[in-house]
Structures are given as structure tokens and as C-alpha cells.
Amino acid sequence: MPAPSAALRLLAEGDLYSARRLFLAECVVEGSPLGWVAAEVAQLDERCVRSCAADWRAALDALIATKDSLHIISRAHERHAATSRWVEGECAGSRLDPWLCHTVGNQSRSVLRLPALRDISLRVTLGGWAPVRERPPSVIRLEQDGFLRPFDVSTVLWPAGFLLAQWASDADQCHRWRRSGLPILELGAGVGAPSIGLAKVCGSTVRVIATDGAGSSLALLAANVQLNGVAGRVQIENFDWHSDDDLERVVAMGPFAAVIGAALQLEKWLDRLWYVLCRLTQAVGPGSRHQCRSGDMVACSAASDVQGLTGLSTSIQVGSVHEDYLDGGLNSKKHEMETEDKGDGARIYRPAQAGTLVVLVHNVAALPKPPPVSMLVETQRRSGLDYGVHTSWNESESDFEVVLLESMSARDQIEVDRGMNDEQKGGSREEPVVL
């Protein structure tokens, strides 16, 4: 069953919004009920769906391969941003929209439907989870490939992305971003909920750099950024985490107020993650006392007992709050410097002022504590319950958590080399990365 020629033409012109709807309309079984909840309630011809999905992927891949494809997609969605009536109201705008989109927000079980693998549009409510807030809830609209690219991690909104969007656009965080004046960097932005949410909610002075390594996600980002009216605040960049060239290019865009990410598939690159985060949050160069070393990252992240590192303190004092350092949980908002000398010259530090914030959202306990050489200190873990994200079987439990890490400054660092033996370093003698 061939895809409608009009849809292919629109897709080639970068109009993903209109093309996606024509593809879906082609596959709706005649007489199917048009429920308002989502595309999933409509009866679709599965043979048509498979055919259209293959045509969609081939045509979109061809578009992405062209020069200036993101600019083409962005320009094609300007008219939809100007004419759509969905932004602050119900899902509306065309006769099909009511069943192509559903609302996801806090204090609602609708979040349990994520990921909505067949839906091509979501209306996401940000805020409103606390009894009293400085502002009413805000709404963003997210296009996603849905049934046209089923089970693709990067082209639909997942619960972790929803949770990160809620955290990043909270009134307290908005104040932090405005006060910092530095851009926020998102890793693995996918459909863009966190980047778009905080850019829209926090105001025109907040800048975001949304990155992803998948071309299909970059295309969705370009469309969604334009549809939500934040094109001047969200910069889209291709970033392959495993590419040193890409890493150095993104590092040069810093410093950053925060590096954020959700559902980053840690099982595939955890060792590399700590090195990437170290590079993104540290000023590393010939004049720096600290160098990010990928060999040490591998050794430390694989260690089962980092408390055994000789010469490292297992506790520090921050303000009046005494907590176990390597076991995390420093919830104090104070940043007084405290040190502890272990007698052999090794010393552990906390920054006198807050460093770059790293915020990662994953399944509970999926993210281990950072190795000392990553120059990151875990400061807090917040349950998804704080933002209305609970399990389907128990509203007092959540599968997700927000993990907050803070970078050490270049001058106030954890000096680990003198406290680690060769075995704990993994035997790797890779040279330090020097710009």
C-alpha cells in the first residue's frame, strides 16, 4: 500500500507536522471511533501502518541527509506555530487533532501512559504539583513519530523525560537559570520536553543547548522548538557522546549552568559517561591542576567499594549538616568549604561556591555514585513522587528519581591520585586529555 504522495511531498519540504497527519489519516479504518484520548483508541489498518512507517523512515532519512535539513524543518513549522490554537487550550486546530493528542500532567494518572508509542502528539502540562506556586501550570505541545517509528527510544516522550521537564521548569530552578546567565546543556534531548519546557516557562533570558546523536530526534527537536515559540532560546546540536571531536566542540560552548539528561541508556556507556561529564563540567587545560582521564573513569566506575580508596575521607562537614560523602545525600544549600587532612597529604574538598550542576533522571538506583576522579559530588536524590510520577500499582511509590550532582571547581578539587593504588586505577596509563 503506497504512502499518499501529498504526505511524501510535505515531508520532503520539511513539514513533518502535516505529513504525519496525512500518513495517519491514510491508515484509519473507515468508521473507526474518534476518541479524544489518543491515536491508540482509533482502529488502524496494521498493514497500512507498516507500509507507511517504512516510507516515513526512508523519506525522513533522505531529508535529514540534505544540507540545512534542520533549518528547512524549522522554517516549515513556522506557520503551524502561528496558526495553531492548541498552545494554552485543549488539543485543537484540525478535525483530527482531538484524537491525535492527549494530555499528560501531574496529579493525573495520564502520566502512566508514557511512553505513548503510537501517538503522534502530546500536550504536556508542566507545574501545578504543589498546593501553592508562583505561577499557574504551563503547557507545551510535543510532536513525536509514534506509530511511524514504534519503539524508537529517541522519538517518543518517556517518563524520565517528563520528570526531568517537571524538575527543570520548576520555579526554583527557573530562578537558578536566570540568576546564572549561563546556558543549560541537555544530553539525549529526544523530542525535547526538558529543553523546551524550561525555555518556555523560565523566560526569554534562559538559553538551552539541546543535543542528540540521532537524526530523527534532531528533526523532531527542530519542529517542536518552533511549534512552542522558543526558537530563539533553544540551540540544537548534533552530539555523539563517543566522538572526541563532538565532545570538544560541545565543551567549547560552555561553561554551562547545568548539564541535564534523562534515560540516557546507562547500561551502554556508563564508563564513558563519567568522562564526558567531567569534560563538560571542568575547565581542563595546560594550566589546570586536574585532568579528566578516561582510564581512571573506567576503573573507578567499575569498583565495587570506592570507600576503600586509601587516603580519601568518607565524610565531610558542610555547614551544620554532617553526611557521608561517598554515600551521597548532601542536601544543604550552603557551600562553605570544609576539608579533612588524612595525614598523608591527601585532602578532600567541597567547593566554596556551587559548581556546574549535573542532573540525571533514571530508574531508581540505576545510576551509581560518581567515581572521585569524575570531579562530581552527589548532593541529592529526589523521588519522582515529588513531581507526581508514581507507579501504576502504588501512588506512594515511583520507579524514577532525580539525581543531582555538583562539579568541583578546578581550584577546589578532590586530589585522588595520591590516595589510589595502581590496581584501583585499573592499570590504565592513558595520558591526560589536554586541550
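1. Ser 195 is buried, with a relative accessible area of 1%; buried means under 20% relative accessible area, exposed over 50%, and partly exposed in between (1.4 Å probe, protein chains only). The residue is placed in helix α9, which spans residues 193-202. Helices (H or I, at least four residues) and strands (E, at least two) are DSSP runs, numbered from the N terminus.

2. The model is a predicted one, in which local features need pLDDT of at least 70 and side-chain atom pairs count only at pLDDT 80 or more, while totals for chains, interfaces and linings use all residues. Residues are numbered from 1 along each chain as its sequence is written, and side-chain values use heavy atoms, with hydrogens and water left out.

3. The side chain of Ser 195 makes a polar contact of 2.4 Å with the side chain of Glu 186. A polar contact is a pair of N or O atoms within 3.5 Å; within protein, one must be able to donate a hydrogen and the other to accept it, and residues adjacent in sequence count only if both atoms are side-chain atoms. Not counting residues up to four places away in sequence, Ser 195 touches Glu 186, Val 208, Ala 210 and Val 234, where contact means heavy atoms within 4.5 Å.

4. Helix α9 as a whole is mostly covered, with 10 of its 10 residues buried. Among them are Pro 194, Gly 197 and Lys 200. The helix is followed by Gly 203, whose phi is positive, near 110 degrees.

5. Which residues of α8 and α9 meet? Cys 174, Trp 177 and Arg 178 in α8 meet Leu 198, Val 201 and Cys 202 in α9. The residues of this contact divide into 5 nonpolar, no polar and 1 charged. Here Ala, Val, Leu, Ile, Met, Phe, Trp, Tyr, Cys and Pro count as nonpolar, Asp, Glu, Lys and Arg as charged, and the others, Gly among them, as polar.

6. The axes of α8 (residues 171-180) and α9 come within 10 Å and cross at roughly 80 degrees; axes are lines fitted to C-alpha atoms, for helices over the stretch in contact, and angles run from 0 to 180 degrees between N-to-C directions. The two helices are therefore roughly perpendicular to each other. Angles of 65 to 115 degrees count as roughly perpendicular, under 35 as roughly parallel, over 145 as roughly antiparallel and the rest as oblique.

7. Leu 198 also belongs to the largest nonpolar core, which has 48 residues; Leu 157, Trp 167, Trp 177 and Leu 198 touch the most other members. Helix α7 (residues 159-168) gives the most to this core, with 7 residues. A nonpolar core is a set of buried Ala, Val, Leu, Ile, Met, Phe, Trp, Tyr and Cys residues joined through side-chain atoms within 4.5 Å. Leaving aside neighbours within four places in sequence, the contacts of Leu 198 include Trp 177, Ile 184, Gly 203 and Ile 260. A second, separate core of 30 residues includes Ile 209, Phe 256, Leu 277 and Leu 280.

8. Ile 184 lies in strand β4 (residues 184-187) and counts as buried at 0% relative accessibility. Beyond neighbours within four places in sequence, its contacts include Trp 177, Leu 198, Val 208 and Ala 258. The C-alpha atoms of Ile 184 and Pro 255 are separated by 9.1 Å, although the residues are 71 apart along the chain.

9. Pro 255 itself is in the loop between α11 (244-251) and β7 (258-262). The peptide bond from Gly 254 to Pro 255 is cis, with omega near 5 degrees.

10. Ala 263, in the loop between β7 and α12 (266-281), has a positive phi near 50 degrees and is partly exposed at 34% relative accessibility. Met 375, in the loop between β12 (357-363) and β13 (376-383), has a positive phi near 65 degrees and is buried, with a relative accessible area of 0%.

11. For the chain overall, the secondary structure comes to 13 helices and 14 strands. Buried residues make up 54% of the 435 residues. Among contacts between residues at least 6 apart in sequence, 70% join residues at least 24 apart.
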